[in-house]
Amino acid sequence: MSKLSIQKTLTDLRQQIDEYNYQYYVLDHPSVPDAEYDRLFKSLQALEQQHPELITPDSPTQRVGAAPLPYFNEVQHKQPMLSLENAFSEEELRAFNKRVCERLDILSVSYYCEPKLDGLAINLLYEHGQLVQAATRGDGLLGEDVTQNVRTIATIPLRLRSPYPRLIEIRGEVYMPLQGFNAMNAHAQAYQEKVFANPRNAAAGSLRQLDPKITAKRPLAFFSYGMGEVEGFDVPSTQEELMAQIATWGVRISPLRALAENIEACLAYHQRLLTLRANLEYEIDGVVYKVNRLDWQRQLGFVARAPRFALAHKFPAQEEMTLLESVDFQVGRTGALTPVARLTPVLVGGVTVRNATLHNMDEIHRKDVRIHDTVIIRRAGDVIPEVVSVVLAKRPAHAQVIVLPEKCPVCGAPVLHEEGEATARCSDALLCPAQRAASIKHFASKGGLDIEGLGEKLIEQLIDLKVIKTPADLYHLTGVQLSELPRMGQKSADNILLALAHSKKTTLAKFIYALGIREVGSQTALSLAQHFADLDAIMHADEETLQQVGDIGPIVAQHIAQFFSMPRHQTLIKALLEAGIHWPVPVSSSTQPLSGKTFVLTGTLLQLSREAATERLQALGAKVSGSVSAKTDYVVAGDKAGSKLVKAQTLGVSILDEAAFLQLIRHGS
């Protein structure tokens, strides 16, 4: 390369890094993952090392971070707040250790180790034990005065515990715990407010609020990692003793700190924290090693932007950039359609990632993700990789908007995406192959046909062996088919066949519930059975007719009418009836003795189970509710009745003990 070409490359790298610094430190809105920034920075460092005569005072390698925001007062640190050199491999760590040993002319060094938190560096100035100033790192020399905001963080003491130095700069990291971050983002999304990309951005954005009242509402925390200027204090001889002293002043230090006697112990510590990473309450992106002896730290000194005695050993990047090549929609067991991004393979966190979840269409629209976009992928521990954001600056002209399919990609049924709901669903919960196990399990459940012994594992076995595809296939099972299954003896097979035979005698309400019509629970199924008293009448009822049933509104009516209008559902129902499923003709609710009455059961009944009592009441035309209100007619209070009984007494609702209740259902009035 010519000198002119090298100069241009350096200029381009510096401008790009400066832009990323501005986005990261000033706007709190990075457009690329840390790994991409680190690659560019290392390229710039390498080129400048080859051509030191071309280093400029304003190069990103000669300073830390970015200039302070114009609307915060500037603060000059009493000692510079420098950054750390990074290592990304065991070889780089060993090279660092070799340099340290050579400079100190010794064979081995012990290191103080602690996690590298992913937050915002802060300098806390205490005078005579009182917090008088807090500032961000800024450019290392000048930071932003965020004192009033920092005073709102509960984990930062406003006054140190005595005895304390006359003056001290305590340094550390302000971060946002994951639980608080997730709760804050969920609230922001619900109210269509700004959603933060990660806890680091959230912490930085919270600390740079002009109104301290906003900061006070944010779940921020703090750990100290060292000190700057100090007066009136005899500094101990090691980093380990210094941190222990800082803790005695009432300042939090990492509970994961450790002393490593040599470089092998450092590697073991790095591996231990990498294992713990996914289960911590906060995000860390590596570990920090510092030569433990403070006199050796002073002897080693500093380079332009970092101390020679310390190193940040980064974990494999959890975020990377790659190309989104296409989007597929997967159908889950409940019928939910999940958009999945197909990616140009990229190494994230030590694992090659080819696919990432896009969650739902609302998330796609919120992040404005398109096919052929360059996207940032995040992978944390064993969590499914996700698309975090789009690098809009790299969007090509041919980027395609992602469109929700109109038909289920598995079974071809219409896809439903109702207003106000984030999740789109396949409309055929009963026969869609993707939902087969869930629909058959629901059909056989206690509230449905109540097929005893037909559990989830057995259903999945039968599906995997292609023995059953629909609920109707259950009634064609043979003893030979069942007894040949793993861990299924002849007696167990006979019991399943007996349970299937018993299930053929049911009620219209249970049969309707067993079909799994969307938003049709047991009470709605009972209302349909009591109102129409005939399956054929329900199947041919239009939406307007269905809404004449007491608790059925337009949305549920639409679900019911759509379900029964599908030819394959009609075919399945015919097959079930031909298999022998039958029921007595229901009595119309209008002629039943408890029609229009609402009951609430509370406490334990000695002579009837809760389920049996509910069935008896429903058979008499009553509605059974789970909560007490002014519209409740009776509360049945069994043994150890609780808050529902108290509320009934407050509202003046009629209360029945078990004896009165049994008499009521025995006589029907």
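## Sheet and strand 7

G172 stands opposite S224, a residue of strand 8. Helix 6 (residues 199-207) packs on the sheet and touches strand 4 and strand 7, with contact meaning heavy atoms within 4.5 Å. The direction of helix 6 makes about 40° with that of strand 4; axes are lines fitted to C-alpha atoms, for helices over the stretch in contact, and angles run from 0 to 180 degrees between N-to-C directions.

This is a predicted model: local features need pLDDT of at least 70, side-chain atom pairs count only at pLDDT 80 or more, and totals for chains, interfaces and linings use all residues. Residues are numbered from 1 along each chain as its sequence is written, and side-chain values use heavy atoms, leaving out hydrogens and water.

The sheet is open, with four strands in the order 5-4-7-8 and antiparallel pairing. Strand 5 (130-136) and strand 8 are its edge strands, each pairing on one side only. From one strand to the next, the twist averages 25°. Strands (E, at least two residues) and helices (H or I, at least four) are DSSP runs numbered from the N terminus; two strands pair if DSSP finds at least two bridges between them.

| Pair | Sense | Bridges |
|---|---|---|
| Strand 4 (residues 120-127) and strand 7 | antiparallel | eight bridges |
| Strand 7 and strand 8 (residues 221-231) | antiparallel | eight bridges |

Y126 stands opposite I168 in strand 7, and Y175 has A221 of strand 8 as its bridge partner. Nine of the nine residues of strand 7 (residues 167-175) are buried, so strand 7 is largely enclosed by the rest of the structure. Buried means under 20% relative accessible area, exposed over 50%, and partly exposed in between (1.4 Å probe, protein chains only).
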